[in-house]
Amino acid sequence: MTMAGTDPIAVTAAPTPGLARRLFSNPAGLIGTGIVLVLVALALFAPQIAPFAPTRMGAGKPLLAPSLVHLAGTDEFGRDMFSRIVFGARFTLMVGAIAVGISLVVGLCIGLMAAYARGWVEIVLMRLSDVLFSFTETLIALACVAVLGPSLQNAMIAVGIAGIPLYARTAYAAALVEAGKPYFEGSVVAGAGPLRLLLTHLLPNVLPTMIVIATLGLSSAILAAAGLSFLGLGAQPPTPEWGAMLSAGRDFFNRAPWLMLYPGLAIAVVVLGFNLLGDGLRHVLDPKGRDR
Amino acid sequence: MSEAILEVSGLTVALGRRAPRTLVDDIGFAIGRGERVALVGESGSGKSLTALALLGLLPHGVAHVRARSLRVLGRHIDPAQDAQMRALRGVAIGMVFQEPMTSLNPVLTIGRQMSEAMIARRGAGAREAQDRAIALLDRVGIDRPELRMQQYPHEFSGGMRQRVMIAMAMMLQPALLIADEPTTALDVTVQARILELLVDVTRENGSGLLLITHDMGVVAQIADRVAVMRRGRIVEEQPTADLFRAPRQAYTRALLAAVPRLDGPGADAPASAGRPVLRLAGVSKRFGSGRRATAAVDDVSLEVHAGETLALVGESGSGKSTLARIAARLTAADSGTVVLDGTDITRLSGSALRTARRPVQMIFQDPYASLDPRFSAARAIAEPLRIAGMLDRSAIGRRVEELLVRVGLGTAAGARLPHQFSGGQRQRIAIARALATGPKLVIADEPTSALDVTIQADILALLSELQREQQLALLFITHDLAVVRRIAHRVAVMRQGRIVEIGSADRVLTAPQHPYTQALLAAAPTGDPTSQRRVAL
């Protein structure tokens, strides 16, 4: 008799198309990727793209309206706003990457360790993260900056710390699910040690979830850091950071609204971009969404 | 067969948005008043799709359902017309699904869920609907139905939920009841009673029954007629007794031959009476604490010897899986000792435990979760070898190829990922993985329950062969007595955490001493329609 199970190899599933292909066939993923790529290009080639140095005073007359020479106008010191926004992309990307990097790495370690070790390790780690979770992120970030002092670097650290509980929770939940599956227990019985179990089984299977969370988290980290800078607790003048620029533009809102309009727009577009990319990734990485 | 309730011909179902694949291909059958027809087939044969298509429950856009003719109670129905299909559902055709745990809405009371359809479809008053619901709950054997109406699904056991589902499906007295694997998720003693109930309620109501199942034992027990499906087509249709006596198609014969039978051939005697590989003495495990604590395993002692298969039999919740986990030290026992290959592993931990546990390996029930989705077959099989550190890289590669060939997959399979294999093939990989380091004891927890019957037969044969070759001790956990018959040398019957009977497979299966074992045996489907009409008639 020839049944499916006795055929030497009857491959059932067609190979799934590449991640990028599937991401781009999703509208949110496509637009999000586009925006993020533009941001990365701005950051990488800022000196080539920007017509002026970002901190050069008197590049034009103060408070010029947008024109062909100064695409986004000039600020009160005559600095070219377009150049400042282009260079600002570097800070935005750096803030996002470092803050999310801190949350992700620390959160993953806490979550994986709690799910793997169980017992008192789990109780201590997860209750600590619960306590941190019960404050809003902004409050934690403000408290951190108050302790560390206002600077862009400290703002990144503060936003990173504030994000830890979310990542720890998510990693913990995902790792608990994986650790309960038979393949994991099979490896335990086969004699796998903690490092092998954590690094070759738990981590790779938890990572897809974490990548989605991190992509979505980039936008809120950027927003939080811009917020701190806006309050004067993050980037200090003359750093061309978007949140700080937004704050500096407040005094001239009536005479030169573009000083707030363009940095604000830049923040909004980038946040939208990372959100769309995160949504697209979530759609693509969800196994149930694969056939749609 | 008198007048036909359902007549369908040329039913075709294709799935997929861009390039639809035809999964049900031009099938036709008829069900008469009071007739019970079974649609049998292995997973992927299209039997459940057929049921969903008849109910108009397949999603639009993805599913394309066509029929040359579909007549329900003499009326022509167009399966593409949503309104016509909706008018049928619940009223002319009722449905009982497989999974009693998820087919009831957890946030509504049973009473509300039962009355809903009657109020909506028949315009009945709340009082009237409630009275009928109570009467039906009483009919399906639910105690104190008035009280039960106020309760939520989580307050019912699996078997009781399936009773509720049957009562609910009968609320509008449908002319046809479709039951899709209604007992697959249930214990065997519960299964017997649910089947009996299905037969009774449909007979009283004069309804037809379309039973969808993979289980020939269930078919033998209640169906009048059987249609065998394979790859989207009906390959054979006959009255049940004729089909079992003289199947016309080779496929049907293979299907019937693969069904393990209680009166079938038993396992060959073990090559020699080996020494004990696993010894459990006075093992107990409680879950919870204080007054709510329940004993999952209660003072169990047993031995498994080299070269023998000990089957651990019991219904869900009997503690058999917990006992298996204790034997592999995945769970620590509260008291008692676990001796593995001469080493007491009860109190070991860390690397000492990892070393002492090397002689044991496990095979799990769910082939879809028992392999790391990111590990290729070869890497999965190599993992225990790498951990053991006994072989160098090239020797591991050779050993993996050897194992792949041995379990019937071939070396080319090594590079593939788990999702590219079928359930049976995955279970072969899991077996290869378990055998990689040459263990002395293999604990198999329901390794064939999720598999089709023909594949189950292959896997059982493979396990027996490997056992003979390598003098393996096998602790085989199952709820299926027919499987026990085929593979086990000795049987331990578990109930409520205790072993109520233990002995040779021959003795326990032919002359059971304990009443519970007797009840289990009486409830087990024998796969023979002539010996089993007691339920049907």
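How much space lies in the largest cavity? About 70 Å³.

This is a predicted model, where local features need pLDDT of at least 70, side-chain atom pairs count only at pLDDT 80 or more, and totals for chains, interfaces and linings use all residues. Residues are numbered from 1 along each chain as its sequence is written, chains are lettered from A in the order in which they are written, and side-chain values use heavy atoms, leaving out hydrogens and water.

**View 1. The largest cavity and its lining.** A cavity here is a set of points on a 1 Å grid over the protein atoms alone where a 1.4 Å probe fits but cannot get out, and lining residues have an atom within 4 Å of a point. Around this one sit Tyr183(A) and Gly186(A), along with Gln361(B), Met362(B), Phe364(B), Ser370(B), Ala430(B) and Arg433(B). The lining splits into four nonpolar, three polar (Gly counts here) and one charged residue.

**View 2. Where chain A meets chain B.** Chain A brings 32 residues to the contact and chain B brings 40, with contact meaning heavy atoms within 4.5 Å. About 3100 Å² is buried between the two chains, 56% of it from carbon and sulfur atoms; that is accessible area (1.4 Å probe) lost on putting the two parts together, summed over both.

**View 3. A salt bridge between Arg196(A) and Glu383(B).** Their closest N and O atoms are 3.6 Å apart.

Note on methods:
On a 1 Å grid over the protein atoms alone, a cavity is a set of points where a 1.4 Å probe fits but cannot get out, and a pocket is an open set with protein on both sides within 12 Å along at least five of seven lines; lining residues have an atom within 4 Å of a point. Grid points are joined across faces, edges and corners, and a volume is the space filled by probe spheres set on the points. A salt bridge is a side-chain nitrogen of Lys or Arg within 4 Å of a carboxyl oxygen of Asp or Glu.
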